[in-house]
Amino acid sequence: MDKPVRKRNRLPNYDYSTNGYYFVTICSKDRKRIFGSVPNPSENCTIYSKLGFVVEKHILHISNHYNNVTVEKYVVMPNHIHLIIIIGCNVPVSSEKHSLSNIIGLFKSGVSKEIGYSCWQRSFHDHVIRTQREYEKIWRYIDVNPALWHKDCFFEEVQK
């Protein structure tokens, strides 16, 4: 029996170390709600679990670790995270180039190493942000994501 063909996640022939803005979504393994909870969507915030705090620490570490990479905006949700990552923008030119896959891989492995196991779904979703309008729409989406948790495509009602 043949294995199912996995859909390609990346744009063909696109250099993901190119200076630019990227919208990234990373899900927890099996979309388990392990990063926290959104008990009151009207307050528009996620209450982090211990693991959620580890994830946030490593998100902040991305900007500190790479001299030409910035996490412009992020949100930690119960079972996924969203980030706007800027590669090489508003930073002096550097000979050091990092691909988006490399950055996310090091982020995921840093979290996994600290907690002692992998909590991540394979791969990640990305979108190359090409216009100011797209950027503003994604920024707003990230900003209000906890308030819209119950409508989120990653939301699943917890069985009691």
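Buried means a relative accessible area under 20%, exposed over 50%, and partly exposed in between. The views below show a predicted model.

**View 1. Tyrosine 135 of helix H3 is paired with tyrosine 21 of strand S1.** A search of the whole structure finds six aromatic pairs. In the pair shown here, the ring centres of tyrosine 21 and tyrosine 135 lie 5.5 Å apart and the ring planes stand at 85°, so the pair is edge-to-face. Planes over 60 degrees apart count as edge-to-face. Strand S1 covers residues 20-27 and helix H3 covers residues 132-144, so the pair ties together parts that are 114 residues apart in sequence. Tyrosine 135 has a relative accessible area of 14% and is therefore buried. Tyrosine 21, at 24% relative accessibility, counts as partly exposed. Ring pairs also bring in Trp139, so that Tyr21, Tyr135 and Trp139 are linked into a cluster.

**View 2. Phenylalanine 107 and tryptophan 120 form a tilted ring pair.** The centres of these two rings are 5.5 Å apart, and their planes meet at 50°. Phenylalanine 107 belongs to helix H2 (residues 100-115), while tryptophan 120 sits in the loop between H2 and strand S6 (125-129). The pair therefore ties together parts that are 13 residues apart in sequence. Phenylalanine 107 is buried at 3% relative accessibility, and tryptophan 120 is buried at 5%.

**View 3. A salt bridge joins glutamate 114 and lysine 57.** The count of salt bridges in the model comes to two. In this one, the side chains of glutamate 114 and lysine 57 meet at 2.7 Å, N to O. Glutamate 114 is in helix H2 and lysine 57 is in helix H1 (residues 50-65), so the link is between distant parts of the chain, 57 residues apart. Glutamate 114 has a relative accessible area of 39% and is partly exposed. Lysine 57 is also partly exposed, with a relative accessible area of 45%.

**View 4. A salt bridge joins lysine 73 and aspartate 143.** The distance between their side chains is 2.8 Å, N to O. Lysine 73 lies in strand S4 (residues 69-76) and aspartate 143 in helix H3, so the pair ties together parts that are 70 residues apart in sequence. Lysine 73 is buried, with a relative accessible area of 15%. Aspartate 143, at 39% relative accessibility, counts as partly exposed.

**View 5. Helix H3 has a buried side and a face that carries exposed residues.** The 13 residues of H3 should span 18 Å at 1.5 Å a residue, and the end C-alpha atoms are 18 Å apart, which agrees. Tyr135, Ile138 and Ile142 are buried in H3. These residues cover an arc of only 70° around the axis, which puts them on the same side of the helix. An α-helix has 3.6 residues a turn, so residues three or four places apart point the same way. The face turned away from the buried side of H3 carries the exposed residues Gln132, Arg133 and Lys137.

Terms used
Residues are numbered from 1 along each chain as its sequence is written. This is a predicted model: local features need pLDDT of at least 70, side-chain atom pairs count only at pLDDT 80 or more; totals for chains, interfaces and linings use all residues. Side-chain values use heavy atoms; hydrogens and water are left out. Rings of Phe, Tyr and Trp (its six-membered ring) pair if their centres lie within 6.5 Å; planes under 30 degrees apart count as stacked, over 60 as edge-to-face and the rest as tilted. Helices (H or I, at least four residues) and strands (E, at least two) are DSSP runs, numbered from the N terminus. Buried means under 20% relative accessible area, exposed over 50%, partly exposed in between (1.4 Å probe, protein chains only). A salt bridge is a side-chain nitrogen of Lys or Arg within 4 Å of a carboxyl oxygen of Asp or Glu. The expected span of a helix is 1.5 Å times one less than its number of residues. The arc is that of the directions from the helix axis to the C-beta atoms.
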